[in-house]
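This briefing describes the fold, the packing and selected side-chain pairs of one protein chain. Please keep the sequence and the model in view while reading.

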Amino acid sequence: MKIDYTLENLSEVADFVLENASNKVLLFYGEMGAGKTTLIKELAKKLGVNDLTNSPTFSLVNEYHSNKGEIIYHFDFYRIEDEEEAYDIGVEEYFDSNAWSFVEWPQNIENLLPLSAVTLQITIKSATERTLEIKS
């Protein structure tokens, strides 16, 4: 399914993603500047995260805590040079934890991704509009 959106209706898009995700591991694909981190911040907010959320570009993973006691993991594999780096941090254990796991640049750890993960492809339609395609 595809959805066109802008920052003005990002909240509704996040609700739609959370309501329709068939798995808690969400894989975010899109070019640099497409809005992957922006959508992840909104998803975390919807899940009750009050912490500052930002992309874990250098640490590979950030852990957030919701006001409901849930843990949410946010991965950024943009700078990873080898899948072994992700394996070394125990990425498979994170994915098996049944916690929400938001993964930016998943193509860089393709062999470690769960087959049941949900793919979210963000495409830049214009300077202010994006298209989100969700595949379960």
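Predicted model: local features only at pLDDT ≥ 70, side-chain atom pairs only at ≥ 80, totals over all residues.

Which residue of β7 does Ile122 stand opposite? Ile122 faces Leu132 in β7.

- Seven strands make up an open sheet, and their order across it is β1-β7-β6-β2-β5-β4-β3. The pairing within this sheet is mixed.
- The edge positions are taken by β1 (2–5) and β3 (61–65). Each has a single partner strand, so one side of each is left without a neighbour in the sheet.
- On average, neighbouring strands of this sheet are turned by 20° against each other, direction ignored.
- Strands of a sheet pair through backbone hydrogen bonds, in either the parallel or the antiparallel sense.

**Strand β6 and its two partners**

- With β7 (residues 130–135), strand β6 (residues 118–124) pairs in the antiparallel sense, over six bridges.
- These two strands, β6 and β7, form a hairpin that has five residues between them.
- Thr119 has Lys135 of β7 as its bridge partner.
- With β2 (residues 25–29), strand β6 pairs in the parallel sense, over four bridges.
- Phe28 has Leu120 of β6 as its bridge partner.

**Nonpolar cores**

- In soluble globular proteins, nonpolar side chains tend to be buried together.
- The largest nonpolar core of this model holds 25 residues. Those with the most contacts inside this core are Leu26, Phe28, Leu39, Leu43, Phe102, Leu120 and Leu132.
- Two or more residues of this core come from each of β1, α1, β2, α2, β5 (100–104), β6 and β7. The element that gives the most is α1, with five residues.
- Leu26 is in contact with Val17, Ala21, Leu43, Trp100, Ser101, Phe102, Val103, Val118 and Leu120, leaving aside its neighbours within four places in sequence.
- There is also a second, separate core of 19 residues, which includes Phe77, Ala86, Phe95 and Leu112.

**Salt bridges**

- How many salt bridges does the count come to? The count is two salt bridges.
- One of them joins the side chains of Asp4 and Lys125, at 2.8 Å from N to O. Asp4 lies in strand β1 and Lys125 in the loop between β6 and β7, so this pair ties together parts that are 121 residues apart in sequence.
- Both partners are partly exposed: Asp4 has a relative accessibility of 35%, and Lys125 has a relative accessible area of 49%.
- A salt bridge also joins the side chains of Asp15 and Lys46, at 3.3 Å from N to O. Asp15 belongs to helix α1 (residues 10–20) and Lys46 to helix α2 (residues 36–46), and the pair links these distant parts of the chain, 31 residues apart.
- Asp15 counts as partly exposed at 28% relative accessibility, and Lys46 counts as partly exposed at 30%.

**Aromatic pairs**

- Eight aromatic pairs are present in the structure.
- One of them is the edge-to-face pair of Tyr73 and Tyr94, with 4.6 Å centre to centre and 75° between the planes. Tyr73 lies in strand β4 (residues 71–76) and Tyr94 in helix α4 (residues 91–95), so that pair links distant parts of the chain, 21 residues apart.
- Is Tyr73 buried or exposed? Tyr73 is buried, because its relative accessible area of 10% falls under the 20% cut-off. Tyr94, at 22% relative accessibility, counts as partly exposed.
- Tyr94 also pairs with Phe75: the ring centres are 5.2 Å apart and the planes stand at 80°, so this pair is edge-to-face. Phe75 lies in strand β4 and Tyr94 in helix α4, so the pair ties together parts that are 19 residues apart in sequence.
- Phe75 is buried, with a relative accessible area of 0%.
- One aromatic cluster is formed by Tyr73, Phe75, Phe77, Tyr94 and Phe95.

Terms used: Residues numbered from 1 in each chain as written. Heavy atoms only, no water. Pairing = 2+ DSSP bridges. Axes fitted to C-alpha atoms, helices over the stretch in contact; angles between N-to-C directions. Salt bridge = Lys/Arg side-chain N within 4 Å of Asp/Glu carboxyl O. Buried < 20%, exposed > 50% of the residue type's maximum accessible area, 1.4 Å probe, protein only. Core = buried A, V, L, I, M, F, W, Y, C linked by side-chain atoms within 4.5 Å. Contact = heavy atoms within 4.5 Å. Phe/Tyr/Trp six-rings, centres within 6.5 Å; stacked < 30°, edge-to-face > 60°.
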